Amino acid sequence: MNSNFADRLIEEGTRKNSVLVVGLDPDIRYFPDFILEGIDSSSDESIAEAIYACNTIIIDAVADHVIAVKPQLAYYEVYGSYGIQALEKTIRYARSKGLIVINDAKRGDIGSTSAAYARAFLGNGAMSGDMVTVNPFLGSDGYMPFIEAAQENHKGLFLLLKTSNPSSYEIQDLKLENGDLLYYKLAEEIEKLASQTVGVHDYSFIGAVVGATYPAEAKQIRTKLPHSIFLVPGFGIQGGQPEDLREFFDDNGHGAVISSSRGVIYSYMNRTTEWKKITLPEMISCITEAASTAKDQINVVRFNNVPI
Ligand SMILES: O=C(O)c1cc(=O)[nH]c(=O)n1[C@@H]1O[C@H](COP(=O)(O)O)[C@@H](O)[C@H]1O
């Protein structure tokens, strides 16, 4: 049995005793003043510099407590080529610190275009990370190019399945003629591929996004999809609680990585109304503490020690 990217996630999780992923969703409105000093807010180039500076602070602050960072592409694309450069530098920096990079790009298109997206995000270029989020709703010719690229380059992907947002039921929970829900059917399709591509730990490099805000659905999905690692966003600010996470893990505490963006990277905003004025050491200590607390909360549930 060959090892695959799911093995890397699981083994890193064991080594670091963490399955926490921190989302890098930079919004300069929430940056402390010291980062914005000397920044020209009308210049994309200048803002992109602030974004990269902020990301390096966050990465240094969380590196010991997380297995991966997850840049959300929209926050970089908004600043055009300068934003993309900030993303590329961020990816390089995170990898230099030994972190896995999950590009949250939510891409997917007709086959030929998906193949180009797959080269962009799962190839060897500057914007490629280790994993990417993929929108499977164009069908198999839309997602197969990502699976093929991930297999070829020993990387991984997460297919959107049951997303964390409140209106995800409008499409994803549509009832099919046989009474199944759409996300259920999609889980079956993913399992056909996942079961054939498992690594040493019995998980595939083809993962699925399942929101922390839907624990009951996660339990059902797990029965259909036992070989996919779940990327679980929606923990913290969107309402997902630590105790909701139990269903996402298997008996060994594997099978899911839990993502938090704003709850960690802007944790200083809950600390004081004067957060704009915080210093660099205060920012670092706040973010480190938020990541460490989230990691510990997840570990308690993951190892099934939580009293119900
Ligand atoms: O693919 C994702 O990462 C994702 C899927 C999903 O179902 N829900 C979801 O919130 N996300 C992303 O996860 C991040 C959530 O951030 P916080 O709510 O601040 O932790 C955002 O960047 C979203 O784009």
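Which residues does the UniProt annotation "domain: Orotidine 5'-phosphate decarboxylase" cover? According to that unreviewed entry, the domain covers residues 19-278. The model is predicted. The protein chain holds 13 helices and eight strands. With 308 residues, a compact globule would have a radius of gyration near 19 Å, and the chain agrees, at 19 Å.

**Overall build**

- The C-alpha trace of the protein chain spans about 60 × 50 × 40 Å along its principal axes.
- Of the 308 residues, 47% count as buried.
- Among contacts in the protein chain with a separation of 6 or more, 74% come from residues 24 or more positions apart.
- The annotated span, residues 19-278, is 40% helix and 17% strand. Its end C-alpha atoms lie 29 Å apart.

**Nonpolar core**

- In soluble globular proteins, nonpolar side chains tend to be buried together.
- Here the largest nonpolar core has 94 residues.
- Val 22, Leu 159, Val 232, Val 257 and Ile 258 have the most contacts inside this core.
- Helix H3 (residues 44-62) gives the most to the core, with 10 residues.

- Strand E3 (residues 100-107) and E4 run parallel, joined by three bridges.
- Across this pairing, Asn 103 stands opposite Val 132 in E4.
- E3, helix H6 (residues 111-122) and E4 form a right-handed β-α-β unit.
- From E4 the chain crosses through helix H7 (residues 140-153) to E5, and this β-α-β crossover is also right-handed.
- E4 pairs with strand E5 (residues 156-162) in the parallel sense, over four bridges.
- Phe 158 in E5 is the bridge partner of Thr 133.
- Strand E4 (residues 131-134) points Met 131 and Thr 133 one way, and Val 132 and Val 134 the other way. All four are buried.

**Lys 106, the annotated site**

- The UniProt annotation "active site", from an unreviewed entry, covers Lys 106.
- Lys 106 sits in strand E3.
- Is Lys 106 buried or partly exposed? Lys 106 is partly exposed, because 16 other C-beta atoms lie within 10 Å. A residue counts as buried at 20 or more, and as exposed at 12 or fewer.
- Lys 106 touches Thr 133, Asn 135 and Leu 160, with residues up to four places away in sequence not counted.
- One of these contacts, Thr 133, is a buried residue of E4 and is bridged to Phe 158 in E5.

**Leu 193 and helix H9**

- Leu 193 lies in helix H9 (residues 182-194).
- Leu 193 is partly exposed, because 17 other C-beta atoms lie within 10 Å.
- Which residues does Leu 193 touch, not counting residues up to four places away in sequence? They are Ile 147 and Ile 206.
- Leu 193 and Phe 205 are 12 residues apart along the chain, and their C-alpha atoms are separated by 10.0 Å.

Technical notes. Residues numbered from 1 in each chain as written. Predicted model: local features only at pLDDT ≥ 70, side-chain atom pairs only at ≥ 80, totals over all residues. Core = buried A, V, L, I, M, F, W, Y, C linked by C-beta atoms within 7 Å. Helix = DSSP H or I, 4+ residues; strand = E, 2+ residues; numbered from the N terminus. Rg over C-alpha atoms; globule rule 2.2 N^0.38 Å. Contact = placed C-beta atoms within 7 Å. Pairing = 2+ DSSP bridges. Right-handed = clockwise from strand over helix to strand, strands pointing away. UniProt positions renumbered as here; feature names shortened; annotations may be inferred.
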